[in-house]
Amino acid sequence: MLLALAALLSACSSANASNIRYTDPEQQSLLELPSDWHLYEQDELAGVADLPFMGSVGNIDFPTRSVVAFDGAPSAAAANLTTDLASSPFPIGATSVRTIDTSTRDLISRLILARSVIDFTTYGEVADVSKEDFSFGKGFEGVRRLLALTTTDGQAQAVVYLISVTNPADDRLYSVAVGCSRDCFVENQEEIERVVDSWLVNTKG
(Lines give C-alpha, C1' and ligand atoms only; values in the text may rest on other atoms or scores of the structure.)
Protein backbone atom coordinates (compact mmCIF):
# COMPACT_ATOMS: atom_id res chain seq x y z
CA MET A 1 0.00 0.00 0.00
CA LEU A 2 2.77 2.46 0.92
CA LEU A 3 4.56 1.90 -2.38
CA ALA A 4 1.29 2.65 -4.17
CA LEU A 5 1.04 5.91 -2.24
CA ALA A 6 4.57 6.86 -3.19
CA ALA A 7 3.81 6.26 -6.87
CA LEU A 8 1.12 8.90 -6.73
CA LEU A 9 3.64 11.65 -6.13
CA SER A 10 4.63 11.64 -9.79
CA ALA A 11 1.12 12.50 -11.01
CA CYS A 12 0.22 16.01 -12.14
CA SER A 13 -2.64 18.06 -10.79
CA SER A 14 -5.45 19.07 -13.12
CA ALA A 15 -7.62 22.16 -12.99
CA ASN A 16 -11.37 21.72 -12.76
CA ALA A 17 -13.91 24.49 -13.19
CA SER A 18 -15.97 23.15 -10.29
CA ASN A 19 -13.07 23.32 -7.83
CA ILE A 20 -12.97 25.73 -4.91
CA ARG A 21 -10.05 28.10 -5.50
CA TYR A 22 -8.50 29.92 -2.54
CA THR A 23 -5.94 32.73 -2.55
CA ASP A 24 -4.76 34.20 0.74
CA PRO A 25 -5.41 37.92 1.43
CA GLU A 26 -1.85 38.90 0.49
CA GLN A 27 -2.02 36.76 -2.66
CA GLN A 28 1.04 34.80 -1.60
CA SER A 29 -0.37 31.35 -2.37
CA LEU A 30 -3.15 29.59 -4.27
CA LEU A 31 -4.91 26.28 -3.66
CA GLU A 32 -7.68 24.31 -5.37
CA LEU A 33 -10.06 21.97 -3.54
CA PRO A 34 -12.74 19.57 -4.78
CA SER A 35 -16.12 21.29 -4.86
CA ASP A 36 -17.55 18.93 -2.21
CA TRP A 37 -14.82 19.77 0.35
CA HIS A 38 -15.29 22.52 2.94
CA LEU A 39 -13.08 25.60 3.36
CA TYR A 40 -12.68 27.50 6.63
CA GLU A 41 -11.12 30.96 6.57
CA GLN A 42 -9.51 32.76 9.50
CA ASP A 43 -12.68 34.20 11.02
CA GLU A 44 -14.17 30.68 11.19
CA LEU A 45 -11.01 29.28 12.76
CA ALA A 46 -11.00 31.59 15.78
CA GLY A 47 -12.79 29.02 17.93
CA VAL A 48 -10.62 26.05 16.91
CA ALA A 49 -8.11 25.43 19.70
CA ASP A 50 -5.54 23.40 17.77
CA LEU A 51 -5.45 24.09 14.06
CA PRO A 52 -4.15 21.21 11.96
CA PHE A 53 -0.71 21.42 10.40
CA MET A 54 0.39 24.52 12.30
CA GLY A 55 3.17 22.96 14.32
CA SER A 56 5.95 24.50 16.36
CA VAL A 57 9.39 23.04 16.92
CA GLY A 58 10.53 23.20 20.53
CA ASN A 59 10.87 26.86 21.39
CA ILE A 60 10.72 27.91 17.75
CA ASP A 61 7.46 29.59 16.84
CA PHE A 62 6.28 30.81 13.44
CA PRO A 63 3.84 33.73 13.73
CA THR A 64 0.89 33.36 11.38
CA ARG A 65 0.30 35.79 8.53
CA SER A 66 -2.55 33.81 7.02
CA VAL A 67 -4.09 30.35 7.35
CA VAL A 68 -6.99 28.49 5.82
CA ALA A 69 -8.09 24.98 6.75
CA PHE A 70 -10.34 22.51 4.98
CA ASP A 71 -11.79 19.02 5.09
CA GLY A 72 -13.58 16.44 3.04
CA ALA A 73 -16.15 15.58 5.72
CA PRO A 74 -19.79 14.84 4.83
CA SER A 75 -20.88 18.20 6.27
CA ALA A 76 -19.16 21.48 7.06
CA ALA A 77 -18.13 22.21 10.65
CA ALA A 78 -14.92 23.81 11.86
CA ALA A 79 -14.90 21.24 14.69
CA ASN A 80 -14.06 18.61 12.05
CA LEU A 81 -10.54 20.01 12.02
CA THR A 82 -9.86 18.76 15.55
CA THR A 83 -10.47 15.12 14.59
CA ASP A 84 -7.45 12.96 15.38
CA LEU A 85 -5.69 12.24 12.10
CA ALA A 86 -5.08 8.57 12.83
CA SER A 87 -8.81 7.96 13.25
CA SER A 88 -10.20 10.52 10.81
CA PRO A 89 -12.45 8.99 8.14
CA PHE A 90 -12.13 12.12 5.98
CA PRO A 91 -9.21 14.24 4.73
CA ILE A 92 -8.16 17.23 6.84
CA GLY A 93 -5.81 19.91 5.57
CA ALA A 94 -4.45 23.41 5.88
CA THR A 95 -2.27 25.89 4.06
CA SER A 96 -0.54 28.80 5.70
CA VAL A 97 1.93 31.63 5.35
CA ARG A 98 3.99 32.27 8.48
CA THR A 99 6.86 34.51 9.52
CA ILE A 100 10.35 33.30 10.37
CA ASP A 101 11.97 35.52 12.99
CA THR A 102 15.49 36.84 12.44
CA SER A 103 16.82 34.77 15.33
CA THR A 104 15.37 31.59 13.81
CA ARG A 105 16.55 31.84 10.20
CA ASP A 106 19.92 30.18 10.76
CA LEU A 107 18.15 27.19 12.34
CA ILE A 108 15.91 26.35 9.38
CA SER A 109 16.49 22.89 7.94
CA ARG A 110 14.49 20.41 5.91
CA LEU A 111 13.57 18.61 9.15
CA ILE A 112 12.33 21.79 10.81
CA LEU A 113 10.34 22.68 7.69
CA ALA A 114 8.48 19.38 7.96
CA ARG A 115 8.03 19.56 11.73
CA SER A 116 6.69 23.10 11.44
CA VAL A 117 3.75 21.47 9.67
CA ILE A 118 3.27 18.45 11.93
CA ASP A 119 5.20 17.46 15.03
CA PHE A 120 5.58 13.83 14.13
CA THR A 121 7.77 13.23 17.20
CA THR A 122 4.52 12.75 19.12
CA TYR A 123 3.90 9.52 17.19
CA GLY A 124 5.35 6.13 18.06
CA GLU A 125 6.76 5.42 14.61
CA VAL A 126 7.44 7.61 11.59
CA ALA A 127 8.04 6.19 8.13
CA ASP A 128 8.93 8.26 5.08
CA VAL A 129 7.01 6.80 2.16
CA SER A 130 8.56 9.49 0.03
CA LYS A 131 10.92 12.37 0.86
CA GLU A 132 12.49 14.83 -1.53
CA ASP A 133 13.70 18.38 -1.90
CA PHE A 134 11.11 20.64 -3.50
CA SER A 135 11.42 23.96 -5.33
CA PHE A 136 9.14 26.50 -6.98
CA GLY A 137 12.26 28.15 -8.41
CA LYS A 138 13.63 31.64 -7.70
CA GLY A 139 14.89 30.53 -4.29
CA PHE A 140 11.53 29.26 -2.97
CA GLU A 141 12.76 25.91 -1.74
CA GLY A 142 11.95 23.28 0.85
CA VAL A 143 10.77 19.71 1.19
CA ARG A 144 7.95 17.43 0.07
CA ARG A 145 7.17 14.39 2.23
CA LEU A 146 4.66 11.60 2.37
CA LEU A 147 4.61 10.28 5.93
CA ALA A 148 3.08 7.22 7.53
CA LEU A 149 2.67 7.94 11.26
CA THR A 150 1.84 5.17 13.73
CA THR A 151 0.32 6.06 17.09
CA THR A 152 2.31 5.35 20.25
CA ASP A 153 0.10 2.37 21.08
CA GLY A 154 0.69 0.93 17.61
CA GLN A 155 -3.04 0.59 16.99
CA ALA A 156 -3.63 3.21 14.28
CA GLN A 157 -1.85 4.97 11.47
CA ALA A 158 -2.19 8.39 9.85
CA VAL A 159 -0.83 9.30 6.42
CA VAL A 160 0.14 12.91 5.70
CA TYR A 161 1.24 14.49 2.43
CA LEU A 162 2.95 17.87 2.87
CA ILE A 163 5.04 20.52 1.16
CA SER A 164 6.89 23.19 3.15
CA VAL A 165 9.10 25.90 1.65
CA THR A 166 10.76 29.20 2.53
CA ASN A 167 11.29 32.30 0.41
CA PRO A 168 14.80 33.42 -0.69
CA ALA A 169 15.19 35.70 2.35
CA ASP A 170 14.19 32.85 4.72
CA ASP A 171 11.76 35.19 6.47
CA ARG A 172 8.55 33.48 5.35
CA LEU A 173 7.38 29.90 5.68
CA TYR A 174 4.77 28.53 3.26
CA SER A 175 3.16 25.15 3.77
CA VAL A 176 0.34 22.89 2.71
CA ALA A 177 -0.63 19.49 4.11
CA VAL A 178 -3.47 16.99 3.96
CA GLY A 179 -3.84 13.86 6.04
CA CYS A 180 -6.20 11.37 7.62
CA SER A 181 -6.30 7.74 8.70
CA ARG A 182 -4.55 5.15 6.55
CA ASP A 183 -7.82 3.73 5.22
CA CYS A 184 -9.12 7.20 4.46
CA PHE A 185 -5.92 8.14 2.65
CA VAL A 186 -6.05 5.03 0.48
CA GLU A 187 -9.66 5.76 -0.42
CA ASN A 188 -9.07 9.45 -1.15
CA GLN A 189 -5.45 9.44 -2.26
CA GLU A 190 -6.03 10.81 -5.76
CA GLU A 191 -8.03 13.79 -4.49
CA ILE A 192 -5.55 14.45 -1.68
CA GLU A 193 -2.63 14.47 -4.06
CA ARG A 194 -4.43 16.78 -6.49
CA VAL A 195 -5.11 19.24 -3.66
CA VAL A 196 -1.52 19.35 -2.42
CA ASP A 197 -0.07 19.47 -5.92
CA SER A 198 -2.43 22.27 -6.95
CA TRP A 199 -0.75 24.53 -4.36
CA LEU A 200 1.25 27.41 -5.77
CA VAL A 201 3.38 30.07 -4.09
CA ASN A 202 3.70 33.55 -5.55
CA THR A 203 7.41 33.83 -6.36
CA LYS A 204 7.07 37.40 -7.67
CA GLY A 205 6.36 39.19 -4.41
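## The disulfide

In this predicted model, the link between Cys180 and Cys184 is left-handed, with -90° about the S-S bond. The sulfur atoms of Cys180 and Cys184 are 2.2 Å apart, and the two residues form a disulfide. A pair of cysteine sulfur atoms counts as a disulfide if they lie within 2.5 Å, and by this rule the count comes to one.

Are Cys180 and Cys184 buried or exposed? A residue is called buried when its relative accessible area is under 20%. Cys180 has 0% relative accessibility, so Cys180 counts as buried. Cys184 has a relative accessible area of 2%, and therefore Cys184 is buried.

## The largest pocket

Rolling a probe the size of a water molecule over the atoms shows where empty space is left. The largest pocket holds about 390 Å³ of space.

Its lining is made up of 16 residues. Those nearest the centre of the largest pocket are Asp50, Leu51, Pro52, Phe53 and Ile118. Sorted by class, the lining of this pocket contains nine nonpolar, four polar and three charged residues.

## The cavities

How many cavities of 30 Å³ or more does a search of the whole structure find? The search finds two. The volume of the second largest cavity is about 30 Å³.

The second largest cavity is lined by Tyr22, Asp24, Ser29, Ser66, Val67, Val68, Thr95, Ser96 and Val97. Strand S4 (64-71) and strand S5 (92-99) are the elements that give two or more residues to this lining. By class, the lining of the second largest cavity has four nonpolar residues, four polar and one charged.

Terms used. Residues numbered from 1 in each chain as written. Predicted model: local features only at pLDDT ≥ 70, side-chain atom pairs only at ≥ 80, totals over all residues. Heavy atoms only, no water. 1 Å grid on protein atoms, 1.4 Å probe; cavity = no way out; pocket = protein on both sides within 12 Å on 5 of 7 lines; lining within 4 Å. Points joined across faces, edges and corners; volume = space filled by probe spheres on them. Nonpolar A, V, L, I, M, F, W, Y, C, P; charged D, E, K, R; others polar. Buried < 20%, exposed > 50% of the residue type's maximum accessible area, 1.4 Å probe, protein only. Helix = DSSP H or I, 4+ residues; strand = E, 2+ residues; numbered from the N terminus.
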